[in-house]
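I opened my notebook to look up a few things in this structure. Here are my entries, in order.

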Amino acid sequence: MDNKHYDVCIIGAGPGGIFAAYELLKNEPKLKIAIFEAGNSLEKRHCPIDGVKVKSCAHCPTCAIMHGFGGAGAFSDGKYNITNQFGGNLHEYIGKSKAIQLMRYVDDINMHNGGEGSKLYSTASTSIKKLCLQNKLHLLDATVRHLGTDKNYVVLKNLYAKLKDSVDFYFNTPVRKILHEGKQFTLKTDTTSFSGDKCIVSVGRSGSKWMEQVCKELGIVTHSNRVDFGASFELPAEIFAHLTDELYESKIVYRTEKYNDLVRTFCMNPYGAVVAENTNGIVTVNGHSYSDPSKHTQNTNFALLVSKHFTEPFDDSNAYAESIARLSNMLGGGIIVQRFGDLTRGRRSTVARIEECFITPTLTATPGDLSLVIPKRILDGIIEMIYALDKIAPGTANDETLLYGVEVKFYNMEVEIDSNLETCHKGLYVIGDCSGVTHSLSHASASGIYVARKICGID
Ligand SMILES: Cc1cc2nc3c(=O)[nH]c(=O)nc-3n(C[C@H](O)[C@H](O)[C@H](O)COP(=O)(O)OP(=O)(O)OC[C@H]3O[C@@H](n4cnc5c(N)ncnc54)[C@H](O)[C@@H]3O)c2cc1C
């Protein structure tokens, strides 16, 4: 039985963990580093949904979309947003210019490891900003590198090739417990234990429940966070082409007239596909797209989300959204799809109505009625924004626009960490999405670089 000791133990092989290992090795090649990952190695990650034999989520014990080398980002659209305006609050811990500098550094690494040639988009000096403002919409500033699902995979493959001879990878090895004993950390897995002088936890959103347990056991303070939820939209790519061709992803925010709530676009995937994702047994919607034109679909998808943050007496925002997602799973057996025209006419969509559509859905989902699932206030806001978007992208409010629900963006509770991203236990760092501080590829990756440099004593 091995009870190995490492200089640094990293839990989770998502972008946070990978970039932490990369930077540790770059600065101190002799460090003994282990990465523990609940899921598979990259080449063994495989979601059984093929649209033919398996059409909807098969509830695998470990979701190949969320777990394994590359983390939740492995089959993502690979959109690296270089901005402090969304994607996380890393800048509040490490400063705005440092955060941008590290996101750019991550971009350089990606470009040197298979991402070269991918397009960099920017909102700087776009006329779309004015068009948005004229229609009560607000375009957020960002620079976006779109790797695409295909190139993102190549980058991960190349990063793994660089790390594998110097880092001990333990796949299919979820860490169950962290103990702080003396000056070191003991990590318990199902079969054995390991120890490390430093421990970096980067278990992402899929590790949120476990992270909560770790914080309780180690007496680390946590704070409730918000949750974003709503629906995913799919429409013919031509409708948004003038925005997506120039900006790729446009993050647009709208304040509703009825309730003064903020609704925002999220994860825009031009010529992409809608996908189902399984987080802790709950099936929700997401989307991605390939950079390779031969893999393009005819459709663009994006989500419209509203944030909710519960504090008192109920403070579990995620649990609220989870029960809405569960309700949707109960009614639809998974994801529900509805035509916008059916939603506004107060009727459910049926298989026949979906089949009659001129648009071909990219995800097989159950036709139904999302108004029975999404709370009225949220749905009213989403519908209002659809009509606002229709003014800058006519056709958005067409009857045939498809809504998939529900899309939920769970945020982990905020773990109390300092400006080193270190907990009250010296040497225990919490980075990436599981910290509640980051919510994106670029912020999670940058947090990994930041902590690696702190461990190496570099600023
Ligand atoms: C379908 C999809 C598309 C997305 N598209 C984009 C996009 O285009 N742009 C963007 O910025 N963001 C996108 N995101 C979000 C992005 O993937 C995450 O923000 C990012 O991956 C977070 O990185 P992370 O390292 O913090 O966590 P993760 O990537 O979630 O990695 C955490 C890893 O830890 C492992 N783990 C969990 N618990 C344990 C445990 N107890 N022991 C060992 N290992 C454990 C998990 O298996 C996982 O592999 C997308 C997400 C999904 C699901």
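Which residue in β9 does leucine 179 stand opposite? I looked it up: leucine 179 faces threonine 186. I note that this is a predicted model.

**Entry 1: the hairpin.** I followed the two strands next. β8 covers residues 177–181 and β9 covers residues 184–188. They pair in the antiparallel sense, over 5 bridges. Together they form a hairpin, with 2 residues between the strands. I checked the turn and found glycine 182 there, with a positive phi of about 65°.

**Entry 2: the domains.** I looked up how the chain is divided. The domain assignment gives domain 1 (5–120 + 143–223 + 414–455) and domain 2 (227–410). Their C-alpha centres lie 27 Å apart. I then looked at where they touch.

**Entry 3: the ligand.** How many residues surround the ligand? I found 46. The closest are Gly12, Gly14, Gly71, Gly204 and Gly432. Several elements give two or more residues to this shell, among them α1 (15–27), β3 (79–82) and α12 (441–455). I sorted the shell by class: 17 nonpolar, 23 polar and 6 charged residues. Domain 1 and domain 2 each supply at least three residues of the shell.

Methods
Residues numbered from 1 in each chain as written. Predicted model: local features only at pLDDT ≥ 70, side-chain atom pairs only at ≥ 80, totals over all residues. Near = placed C-beta within 6 Å. Helix = DSSP H or I, 4+ residues; strand = E, 2+ residues; numbered from the N terminus. Nonpolar A, V, L, I, M, F, W, Y, C, P; charged D, E, K, R; others polar. Domains from an automatic or database assignment. Pairing = 2+ DSSP bridges.
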